[in-house]
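Subject: Structure handover

Dear colleague,

Here is the structure I said I would pass on. My notes on what turned up in it follow below.

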Amino acid sequence: MVAHRLCGEACRRQQKLETELLRELGSFPRTKVLLSEDCGFMWAYSGREIDRLLPNADQDEMRRQARAALAARRREWKTADKRVGYTRAKKAEKEIADVEEAMAQELWSAAPLSVTGVAVKLHSLLEKEDPRSALQEAPWPELRTILADLVRICAGPNAI
C-alpha cells in the first residue's frame with residue numbers, strides 16, 4: 001500500500017515537472033524537416049528520423065542543419081531539465097514503480113489462506129489497474145462489487 005501511494009506521488013511529481021518543461025520549451029526536443037517546397041514539413045525527434053526524411057545525397061546540407069537544430073533543442077531541454085529536475089523525478093518514479101510491481105507480483109503469486117487474503121489480492125489489483133475507480137466498462141464495476149461482497153463477508157453480520 002505504501003509503495004502504491006509513493007508510486008502515485010512520484011508519477012504526479014514527474015508529470016508536473018514534465019508539464020512545466022513543456023510549457024517553458026513548447027515541446028520535446030524536435031526540429032522541422034522541410035519535405036519539399038510544396039509538401040510542407042514533418043517534425044523529427046531523432047537523427048534517425050532526420051536521415052529517413054532526408055535520405056538523398058543532395059540533402060546533405062539540409063540534414064546537417066536539421067541535426068544542428070535538433071542538437072540545439074536538446075541542449076535547451078537538458079539545461080531546463082537540470083534546473084527543474086524532471087529526469088531525476090522520472091528516474092525516481094521508475095524505481096518506486098519497479099518496487100511496487102515486485103511487491104504486487106509477490107502478493108498475487110502468494111496462496112491466500114483466507115477470504116480476507118483473497119479480498120486483499122483483489123483490492124491490490126483494482127488499486128493498481130484502476131486507482132480512481134474510474135473504469136466503468138466490464139469487468140471493473142463487477143470486480144469492485146465482488147470486492148465489496150468479500151469485505152462484507154469478512155466483516156461479519158454485525159459490521160457496517
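The charged end of K32 sits over the ring of F41, 4.5 Å from the ring centre. Please bear in mind that this is a predicted model. A second contact of this kind involves R30, whose charged end is over the ring of W43, at 3.5 Å from its centre.

F41 and W43 make one of them, in an edge-to-face arrangement with 5.4 Å between centres and 85° between planes. Are these two residues buried, partly exposed or exposed? F41 has a relative accessible area of 36%, so it counts as partly exposed, since that value falls between the 20% and 50% cut-offs. W43 is likewise partly exposed, at 34%.

W77 and Y86 form another edge-to-face pair, with centres 6.2 Å apart and planes at 85°. Both of these residues are buried. Together with F28, W77 and Y86 make up one aromatic cluster.

W77 and Y86 also belong to the largest nonpolar core. Which helices supply at least two residues each? They are helix 1 (2–25), helix 3 (60–84) and helix 4 (86–109). As a general matter, nonpolar side chains in soluble globular proteins tend to be buried together.

Next, helix 1. Its 24 residues reach 34 Å from the first C-alpha to the last, close to the 34 Å expected at 1.5 Å a residue. The buried residues in helix 1 are A3, C7, G8, A10, Q14, L17, L21 and L25. What covers the buried residues of helix 1? Helix 3 and helix 4 are included in that cover. After helix 1 comes G26, which has a positive phi, near 90°.

Regards

Notes
Residues are numbered from 1 along each chain as its sequence is written. This is a predicted model: local features need pLDDT of at least 70, side-chain atom pairs count only at pLDDT 80 or more; totals for chains, interfaces and linings use all residues. Side-chain values use heavy atoms; hydrogens and water are left out. A nonpolar core is a set of buried Ala, Val, Leu, Ile, Met, Phe, Trp, Tyr and Cys residues joined through side-chain atoms within 4.5 Å. Buried means under 20% relative accessible area, exposed over 50%, partly exposed in between (1.4 Å probe, protein chains only). Helices (H or I, at least four residues) and strands (E, at least two) are DSSP runs, numbered from the N terminus. Rings of Phe, Tyr and Trp (its six-membered ring) pair if their centres lie within 6.5 Å; planes under 30 degrees apart count as stacked, over 60 as edge-to-face and the rest as tilted. A charge sits over a ring if NZ of Lys or CZ of Arg is within 6 Å of the ring centre and within 35 degrees of the ring normal. The expected span of a helix is 1.5 Å times one less than its number of residues. Contact means heavy atoms within 4.5 Å.
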